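This briefing is for a reader new to the structure.

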Amino acid sequence: MSTPTPPTLGDRFRYRFDALMSRGAWALILWHLIMALAAVLAVSLLVILCGEVPADADGVTLGFLALLWTTLMHAIDPGTITGDEGSRGWQTLMMIATVGGILLVGSLVAVLVASVAQRFDALRRGHSRVLEQGHTLVLGWSRQIFTIVSELAAANQSHKGGCIVIYADLDKLWMDQALRAQLRGTGRTRVVVRAGDPTDPGTLHLVAPEHARSIVVLAPEAARDDTQVIRTLLAVGRCAPAPGRSQHVVTEIRDPRNLAVARLTGERRIEVLEIGDLVAKIAVQTCLQSGLSVVYDELLGFAGDEIYFVDAAPLVGHSFAHALHQFEDCTLLGLRGVDGRVQLMPAMDRVVATGEKLILIAADDNRCNVRPWSGSIDESCIVANHSPTHSPERTLILGWNTRVPAIVRGIAAYVAPGSAVLVVSSDPAAAPALAELAAELHNVTLEHRVGDISDRRVLDAQDPRAWHHVMVLPDDRIEVSTEADAQVLVALLHLRDIAADLTIGLARPFSLVSEMRDVRSRDLAEVARADDFIISDRFIGLLLAQLAENAELSAVFAELFDPEGAEIYLRPAANYVALDRELDLHTLVQSGVRRGEVVIGIRLARPTPDDPNHGIIVNPRKSTRLRLSRADQVIVLAES
């Protein structure tokens with residue numbers, strides 16, 4: 001074993017020099033000044049030793065201080081040497097001072113330029129403390145960030161504007177560039193971005209969490225569990241709100257076992273979205289009723305109609321059925337009691353009480369006004385109460401991800417006994433999970449087959465004519481969202497071709513629904529002509545934005561997505577009113593009242609070519625007159 005040699009003088013010098021360099025720009029500037037002064041002093045002493053001290057204009061030999069000044073001028077101003085008239089030795093020594101000065105000054109300028117550039121870069125990266133109040137604070141970064149920012153900006157359009165502060169452990173310049181590339185602008189809403197660790201309570205003061213109106217905690221895209229979210233919630237819990245400030249926290253959780261833990265991480269109100277279960281519920285409802293995702297997109301987005309709570313004072317003492325007709329530009333969904341309990345679609349004879357809130361669909365909160373209506377209902381247009389019959393349904397699920405068991409359970413909760421579900425996937429995790437799930441089901445037969453959903457031969461072997469609904473899901477094993485969506489797109493194109501050979505009249509023999517991860521994939525999926533698309537990341541982003549604006553909406557969404565509560569259905573118009581007869585929306589609303597349902601919109605079978613909502617109209621004006629055909633549908637809030 002060799003013995004280390006003792007450090008040499010050179011080793012000590014290099015170590016000290018490296019330590020000096022690591023102290024930053026001011027240490028470098030100080031070092032240059034010391035070196036410059038040392039060089040000037042050395043040259044001046046050399047001039048004295050060589051006897052080359054010049055005389056001034058009066059013939060008097062320069063003193064030591066004057067000599068130092070003259071040498072310094074030669075060092076910092078190379079042009080000074082052109083005026084020298086002394087001896088050759090003097091000129092040589094001054095040339096040495098000038099060259100040394102050029103090297104030192106050039107190096108000093110380089111240090112100053114680098115220091116200033118570094119300072120400007122630091123300013124661009126935003127290390128200053130945020131001084132906002134009443135802002136929305138987003139902690140973390142994921143694909144939902146673009147939806148959240150755009151929706152919150154849309155929510156502030158009718159107000160004086162607002163501020164969104166984003167704090168994530170990524171490069172600030174990259175985040176700024178990504179926001180500019182994905183968003184067309186945020187209108188009157190300012191977006192402030194800061195880089196840092198949102199799980200560190202010692203740095204959270206940088207983004208003023210104590211003054212925020214609401215806080216949104218996002219899970220990182222690459223996260224496989226809820227560790228990062230829980231850590232961030234704990235960090236937020238260490239920062240108490242400012243006195244008098246009421247704020248809430250909204251977050252997303254992947255594992256339902258962590259729901260209770262997430263709610264216990266602080267004193268604030270915490271609204272937690274269990275994203276797997278939520279997307280599964282939306283997928284089930286959309287699979288069984290194509291077009292429903294557009295309705296949800298309309299209700300959850302701030303660009304169109306959304307849900308508001310308004311004071312029920314103008315309608316106190318009136319029945320819920322009567323209140324349904326008292327809004328021209330709004331649709332009444334339900335009531336929130338004095339105790340805070342939300343009840344969607346209450347009994348039609350339920351009387352509105354003092355202190356309650358009305359739950360309305362409206363384009364903006366300034367349109368939630370009562371407009372008393374005393375018109376008449378055309379009774380001849382209302383058809384007799386039609387009780388829908390439920391027959392067994394067959395659902396084909398192509399692909400596998402962690403939400404499939406919840407989707408199968410959801411389907412089993414809606415369909416009639418004798419229904420069947422077939423899952424086709426090449427994922428080895430599917431077989432044991434479905435085998436365990438099959439033992440829990442009673443009115444649905446569950447089967448699993450192994451196969452690649454992008455293989456046309458596998459799809460042909462499933463005999464699509466035997467299925468009422470087909471759902472295509474992205475594979476969780478594919479981490480890149482666009483690659484997972486590409487597999488779904490291939491399967492959709494094959495199904496489109498299969499359906500073209502099986503089409504009966506103008507209708508496809510089965511409904512076709514797909515889930516996408518990336519919102520950009522929807523434009524590509526239009527080519528596949530699927531009946532509906534579920535953009536999972538977008539839906540989660542919309543819900544987070546809605547709850548960030550109003551935490552009270554959590555109970556409304558929980559009711560809408562619960563199979564046991566009031567839900568949204570698209571039903572044939574022929575079940576409600578006479579077809580091909582002109583009528584107004586009041587007549588359609590009254591037909592829903594006779595069935596104990598709330599009419600919230602219509603779906604036209606033949607929309608205009610440029611209609612972005614594909615014929616779905618949520619919250620139409622009550623005075624609108626229209627003729628409904630057999631292919632049209634009524635969108636209602638009802639119980640299954």
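A residue counts as buried when its relative accessible area is under 20%. By that cut-off, both Tyr296 and Phe561 are buried. The model described here is predicted.

**Aromatic rings**

- A pair of aromatic rings is described by the distance of the centres and the angle of the planes.
- The structure holds 3 aromatic pairs.
- In one of them, the ring centres of Tyr296 and Phe561 are 5.1 Å apart and the planes stand at 65 degrees, so this pair is edge-to-face; planes over 60 degrees apart count as such.
- Tyr296 belongs to helix α10 (residues 292-300), while Phe561 is in the loop between α18 and β17 (567-572), so the pair ties together parts that are 265 residues apart in sequence.
- Elsewhere, Trp141, Phe146 and Trp174 form a cluster linked by ring pairs.

**Charges over rings**

- Arg336 lies over the face of Phe309, and its distance from the ring centre is 5.0 Å.
- Arg595 has its charged end over the ring of Tyr576, at 4.8 Å from the centre of that ring.

**Helix α18**

- Helix α18 spans residues 553-560, and its residues Leu553, Val556, Phe557 and Leu560 are buried.
- Seen down the axis of α18, the buried residues fall within an arc of 95 degrees, so they line one face of the helix.

**Cavities**

- Rolling a probe the size of a water molecule over the atoms shows where empty space is left.
- The count comes to 4 cavities of 30 Å³ or more.
- The largest cavity holds about 70 Å³ of space.
- Its lining consists of Gly399, Trp400, Ser425, Ser426, Gly451, Asp452, Ile453, Asp475, Arg477 and Gln487.
- By class, the lining of the largest cavity has 2 nonpolar, 5 polar and 3 charged residues.
- The second largest cavity has a volume of about 50 Å³.
- Around the second largest cavity lie Leu233, Val236, Gly237, Val249, Thr265, Gly266, Arg268 and Ile270 as lining residues.
- Helix α7 (residues 227-237) gives the largest share of the lining of the second largest cavity, with 3 residues.
- By class, the lining of the second largest cavity has 4 nonpolar, 3 polar and 1 charged residues.

Definitions and conventions
Residues are numbered from 1 along each chain as its sequence is written. This is a predicted model: local features need pLDDT of at least 70, side-chain atom pairs count only at pLDDT 80 or more; totals for chains, interfaces and linings use all residues. Side-chain values use heavy atoms; hydrogens and water are left out. Buried means under 20% relative accessible area, exposed over 50%, partly exposed in between (1.4 Å probe, protein chains only). Helices (H or I, at least four residues) and strands (E, at least two) are DSSP runs, numbered from the N terminus. The arc is that of the directions from the helix axis to the C-beta atoms. On a 1 Å grid over the protein atoms alone, a cavity is a set of points where a 1.4 Å probe fits but cannot get out, and a pocket is an open set with protein on both sides within 12 Å along at least five of seven lines; lining residues have an atom within 4 Å of a point. Grid points are joined across faces, edges and corners, and a volume is the space filled by probe spheres set on the points. Ala, Val, Leu, Ile, Met, Phe, Trp, Tyr, Cys and Pro count as nonpolar, Asp, Glu, Lys and Arg as charged, and the others, Gly among them, as polar. Rings of Phe, Tyr and Trp (its six-membered ring) pair if their centres lie within 6.5 Å; planes under 30 degrees apart count as stacked, over 60 as edge-to-face and the rest as tilted. A charge sits over a ring if NZ of Lys or CZ of Arg is within 6 Å of the ring centre and within 35 degrees of the ring normal.
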